[in-house]
Amino acid sequence: MSILNLWSIGHFLQWSFLGRFIFSNWYLFFFLSIGWELLELFLPYDFAIESWENKISDIIVNILGFYFGSYLRN
């Protein structure tokens, strides 16, 4: 399993959209982003089974996507 995958593109696009059009609160972003990654630890679905490196890269991609969306807002 690679650190960046097709889900990473989805994460980036999702958080870019949310950062651009929906909200600009970084605290809410961190709560939702990290909360989802923690929730995936307990989900019984195949898409939620990832390595720790992939979870960390997901959070980094989320941050980049939200930053990009927030940048486009301004």
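Modeller: A helix here is a DSSP run of H or I at least four residues long, and helices are numbered from the N terminus. By that rule His11 is found in helix 1. The model is predicted.

Colleague: Why is His11 called buried?

Modeller: Its relative accessible area is 10%. Buried means under 20%, so His11 is buried. Beyond its neighbours within four places in sequence, His11 is in contact with Glu37, Asp58, Val61 and Asn62.

Colleague: How many helices and strands does the protein chain have?

Modeller: There are 3 helices and 0 strands, and the order from the N terminus is α-α-α.

Colleague: What makes the protein chain as compact as a globular protein of that length?

Modeller: The globule rule gives 11 Å for 74 residues, and the radius of gyration is 12 Å; the two values are close, so the chain counts as that compact. Along the principal axes, the C-alpha atoms fill a box of roughly 35 × 20 × 15 Å. Of the 74 residues, 31% count as buried. For contacts between residues at least 6 apart in sequence, 74% join residues at least 24 apart.

Colleague: Why is the pair of Trp15 and Phe66 called edge-to-face?

Modeller: The structure holds 13 aromatic pairs. In this one, the ring centres are 6.3 Å apart and the planes stand at 75°. Rings pair if their centres lie within 6.5 Å, and planes over 60 degrees apart count as edge-to-face.

Colleague: What does the pair of Trp15 and Phe66 tie together?

Modeller: Trp15 lies in helix 1 (residues 6-22) and Phe66 in helix 3, so the pair joins parts that are 51 residues apart in sequence. Both residues are buried.

Colleague: What makes the pair of Phe23 and Phe66 tilted?

Modeller: The angle between the planes is 35°, and the distance is 5.6 Å centre to centre. Planes under 30 degrees apart would be stacked and over 60 edge-to-face, with the rest tilted; the pair therefore falls in the tilted class. Phe23 sits in the loop between helix 1 and helix 2, while Phe66 is in helix 3, 43 residues apart. Both Phe23 and Phe66 are buried.

Colleague: Which residues form one aromatic cluster?

Modeller: Trp15, Phe23, Trp26, Phe29, Phe30 and Phe66.

Colleague: Why is Trp26 called partly exposed?

Modeller: Its relative accessible area is 32%. Trp26 has its place in helix 2. Trp26 is also one of the residues of a nonpolar patch on the surface, which has about 1200 Å² of accessible area together.

Colleague: Where do the residues of the nonpolar patch come from?

Modeller: Helix 2 (26-40) and helix 3 (52-73) each supply at least two. The largest share, 5 residues, comes from helix 3. Leu38 is among the patch residues and has its place in helix 2.

Colleague: How do you know that Leu38 counts as partly exposed?

Modeller: Its relative accessibility is 47%. Exposed means over 50% and buried under 20%, so Leu38 is partly exposed. Its C-alpha atom is separated by 9.0 Å from that of Lys55, 17 residues apart along the chain.

Colleague: What makes Lys55 and Glu37 a salt bridge?

Modeller: Their side chains meet at 3.9 Å, N to O. A side-chain nitrogen of Lys has to be within 4 Å of a carboxyl oxygen of Glu; at 3.9 Å the pair therefore qualifies. Lys55 is in helix 3 and Glu37 in helix 2, 18 residues apart.

Colleague: Which residues are linked with Lys55 in a network of salt bridges?

Modeller: Glu37, Glu40 and Glu50. Between Lys55 and Glu40 the closest N and O atoms are 3.0 Å apart. Lys55 lies in helix 3 and Glu40 in helix 2, so that bridge ties together parts 15 residues apart in sequence. For Glu50 and Lys55 the closest N and O atoms are 3.2 Å apart. The structure holds 3 salt bridges.

Colleague: Why does Lys55 count as buried?

Modeller: Lys55 has 4% relative accessibility, and buried means under 20%, so Lys55 is buried. Glu37 also has a relative accessible area of 4% and is buried. At 18%, Glu50 falls under the 20% limit, so Glu50 counts as buried. Glu40 is buried too.

Notes:
Residues are numbered from 1 along each chain as its sequence is written. This is a predicted model: local features need pLDDT of at least 70, side-chain atom pairs count only at pLDDT 80 or more; totals for chains, interfaces and linings use all residues. Side-chain values use heavy atoms; hydrogens and water are left out. Patches are made of residues with over 30% relative accessible area and no salt bridge: like charges are joined within 9 Å, nonpolar side chains (Val, Leu, Ile, Met, Phe, Trp, Tyr) within 5 Å. Accessible areas come from the Shrake-Rupley method with a 1.4 Å probe; for residues, only the protein chains shown count as cover. Buried means under 20% relative accessible area, exposed over 50%, partly exposed in between (1.4 Å probe, protein chains only). The radius of gyration is taken over C-alpha atoms; the globule rule is 2.2 Å times the number of residues to the power 0.38. Contact means heavy atoms within 4.5 Å. Rings of Phe, Tyr and Trp (its six-membered ring) pair if their centres lie within 6.5 Å; planes under 30 degrees apart count as stacked, over 60 as edge-to-face and the rest as tilted.
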